[in-house]
Amino acid sequence: FLQSGKSDPYVRVTAGGHEGKESRVIKKTVNPEWDEWIDFEGDINDFISHPLHLKLFDADLLGEHQSLGELHVPLQLDEIKANGGKDFNEVLPTRGSIEFGVTWIHKKMHAVLHVARLRVHLHKAIGLRPSALDDPEVQVLVSAGGRTAHSKIVPCTPIPHARSELVADFRNDVFIEGELVTFTKHPELKLSVCEGPTELGTVHVDLSFFRKEHYYKKFSERLSSIGTIDFAVHFENEETE
């Protein structure tokens, strides 16, 4: 459920309804610089009627590569021709942005068919979503009754046959002690999954139902960001009258 580190980005470009062409892979970065030309040749009407499609991938994953975002860019070829080309700086819907340029050469074959060569110049991308496979180390901060404790730090590892997902196996108890009145005044348990100082997701649990002297309950809760966390709460009231 975590994402950290860097990616191995590449771009698949599709234009005019033609089969997509791919850039080279830039290793271990979220700010790749391709400086690479990708050419298409076909009927100018196809380039006008089909938006330019750029889709970015992370080549780290086994099997199907992870998408880093995609764009559909309508092309005004008259504008591009008049200016000798056009540069784009587009924000990706996922994270980051990509810079590229478009130029084209128009060759009139006869009165009906107009052949054009469309050239896409991939410049660079900035701030892409990092890979989920850098195996970050995480811990859980547990807050209750106005006090906070933390778990041990454990590495995240890919789930077999689901390499786009990570799992962290803590398997340790976190103790918070205090007066019963403190937990009564603050009947909320907060768990924060953190990588170093960075909070990756939180979950809040209402503890007001703990009325017995001893209580144990298991939870499987969705984090505020992405993924889930499984845990159990064991409440013991050791106060005596």
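A charge is said to sit over a ring if NZ of Lys or CZ of Arg is within 6 Å of the ring centre and within 35 degrees of the ring normal. The charged end of R119 meets this for the ring of W37, at 4.4 Å from its centre. K21 lies over the face of F40, 5.0 Å from the ring centre.

The model is predicted, so local features need pLDDT of at least 70 and side-chain atom pairs count only at pLDDT 80 or more, while totals for chains, interfaces and linings use all residues. Residues are numbered from 1 along each chain as its sequence is written, and side-chain values use heavy atoms, with hydrogens and water left out.

The whole structure holds 3 aromatic pairs. Rings of Phe, Tyr and Trp (its six-membered ring) pair if their centres lie within 6.5 Å; planes under 30 degrees apart count as stacked, over 60 as edge-to-face and the rest as tilted.

F88 lies in strand β6 (residues 86-91) and F100 in strand β7 (residues 97-108), so their pair ties together parts 12 residues apart in sequence. Strands are DSSP runs (E, at least two residues), numbered from the N terminus.

F219 is buried at 10% relative accessible area, and F231 is buried at 13%.

Definitions and conventions:
Helices (H or I, at least four residues) and strands (E, at least two) are DSSP runs, numbered from the N terminus. Buried means under 20% relative accessible area, exposed over 50%, partly exposed in between (1.4 Å probe, protein chains only).
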